[in-house]
Amino acid sequence: MPEKKLRILIAKPGLDGHDRGAKVVARALRDAGMEVIYTGLRQTPESIVETALQEDVDIIGLSILSGAHNYLFKKVIDLLKKEGAEDIPIFGGGIIPEDDMPYLKEIGVKRIFGPGTSTEDIVSYIKEMTNKS
Amino acid sequence: MSSFDELIKSMISGDRRALGKIITLMENDSSSSAYIIPRIHNLTGNAHIVGITGPPGSGKSSIVDKLVSCYRKDGLKVGVIAIDPTSPFTGGAILGDRIRMKQHYTDRDVFIRSMATRGNLGGLSEATGNTIKALDAFGKDVIIIETVGAGQVEVDIVKVADTVIVVSVPSMGDSVQTLKAGIMEIGDIFAVNKADIEGVEKCILEIRMMLELSEKKEGWIQPIIKTYGNKDEGANKLYEAIKEHNKYLIESGHNEKKRIIRGKTELVNILQNLFIRNLYKTISEEEMEELAKKIANREKDPYMIIEELIPRLKKFV
């Protein structure tokens, strides 16, 4: 029987080559009964937004360890707006300094999960976010 | 339903997000399909539908990636449906086939949709057929379907595709494997992937022997093609073979026959689903449980119970 499933895009924008964190999160979301689309490493903001449209995801998670988070989050959000898809919420994870948080919040990143976050927190956050919309 | 009409209109005029949303609607809810399909059915039937199947890790996604490049070189618009398994325990899924197709992510004329099986057996998901229709109505010239990693009985692809490619890899077992019924019977084209590893000639020989023993497909000799993962070598030959098969289907009239069989499958599937939904509306979960108990403690047998239920079930046909 058909049923509604949450579809989550986990994406790795930019040039860093470590996706252990992204994979752990993807696995945890899978185990929570969600459908997780994983893009693979070194994606451009353009390819992430295009994937989000084609896969019709409920939420996008970006994993960034390179330090280019301010640029990359902004770019993805701008492109989503351009496509009329700014209703898709974005959250992030990776190495992101406290000082950059206010800026990221301001441009519309809903939540940042740093090192040491439990996967249960991410799961319950996603459930809460996608329930609202 | 007016928001549905708007979505359908946007989709037909080429809006990628609308197409994405329509697929989701049909995947989540069969009453959405019952609204959408009648409004797009007349726009479908133009695309060539290519199915790719084979065991997990045999390189299906890499082959799809290469084929997409070939089609794009010829200026054709491509839709891809990539299916991965749903966990039987949690209902979740990791959809990772598109990782192999990165080079096409930003090509506006390539639309890739990942789908989870959601409990469907047979190698496809329940909504695959309707998703093919949506991509067809959207204007794709070719739609490539990658099944889940298939074992021996995941053969539903033959019911939806015009051309079926079975991917094998060397050293997967002895010649008895190719004698068995199931997946090896459904190929119109065979690709032996990773053909640079040992055992490739033996693998080809075994497939050829199997084909010689099996019933001939009228006027079509199934080619066996060596492919090499993500290298171009082989992929071009495979592409030529697909085009050749399409030509054969059209010239021989088999295309028409396949479409009629497909129409029948669609009807039976929809009726089956309708029946099961209505069944659960007529007989509650609790009653079903009670009846099951009677079967378990040998008070009644299943046929006896069905005999009693039939008068109640008749009214919803």
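S168(B) stands opposite V192(B) in β7(B). Strand β6 (residues 163–168) of chain B and strand β7 (residues 189–192) of chain B run parallel and are joined by four bridges; strands count as paired if DSSP finds at least two bridges between them. Strands themselves are DSSP runs (E, at least two residues), as are helices (H or I, at least four), and both are numbered from the N terminus.

Before going further, a word on what you are looking at: this is a predicted model, in which local features need pLDDT of at least 70 and side-chain atom pairs count only at pLDDT 80 or more, while totals for chains, interfaces and linings use all residues. Residues are numbered from 1 along each chain as its sequence is written, chains are lettered from A and ligands numbered from 1 in the order in which they are written, and side-chain values use heavy atoms, leaving out hydrogens and water.

Now step back to see the sheet of chain B. Seven strands make up this open sheet, in the order β4-β2-β5-β1-β6-β7-β8, with parallel pairing. At its edges stand β4 (110–116) and β8 (224–226) of chain B; each has a single partner strand, so one side of each is left without a neighbour in the sheet. On average, neighbouring strands are turned by 20 degrees against each other, direction ignored. Such angles come from axes, lines fitted to C-alpha atoms (for helices over the stretch in contact), and run from 0 to 180 degrees between N-to-C directions. Helix α4 (residues 60–73) of chain B packs on the sheet, and its direction makes about 175 degrees with that of β5(B). Among the strands this helix touches are β1 (48–53) and β2 (78–84) of chain B, where contact means heavy atoms within 4.5 Å.

Six strands form an open sheet in the order β5(A)-β4(A)-β3(A)-β1(A)-β2(A)-β3(B), and the pairing is parallel. Its edge strands are β5 (111–113) of chain A and β3 of chain B, each pairing on one side only. Within chain A, β1 (residues 7–11) and β3 (residues 59–64) pair over four bridges, and I10(A) has G61(A) as its bridge partner. Between the chains, three bridges join β2(A) to β3 (residues 93–95) of chain B; here V36(A) is partnered by I94(B).

How many residues does each chain bring to the contact? Chain A gives 33 and chain B gives 32. The area buried between them is about 2900 Å², with 47% from carbon and sulfur atoms; buried area is the accessible area (1.4 Å probe) that two parts lose on being put together, summed over both.

Nine salt bridges are found across this interface, each a side-chain nitrogen of Lys or Arg within 4 Å of a carboxyl oxygen of Asp or Glu. In one salt bridge, between E55(A) and R113(B), the closest N and O atoms are 3.9 Å apart. In another, R16(B) and E50(A) meet at 2.7 Å, N to O. R16(B) lies in helix α2 (residues 16–28) of chain B and E50(A) in helix α2 of chain A, so the pair joins two chains.
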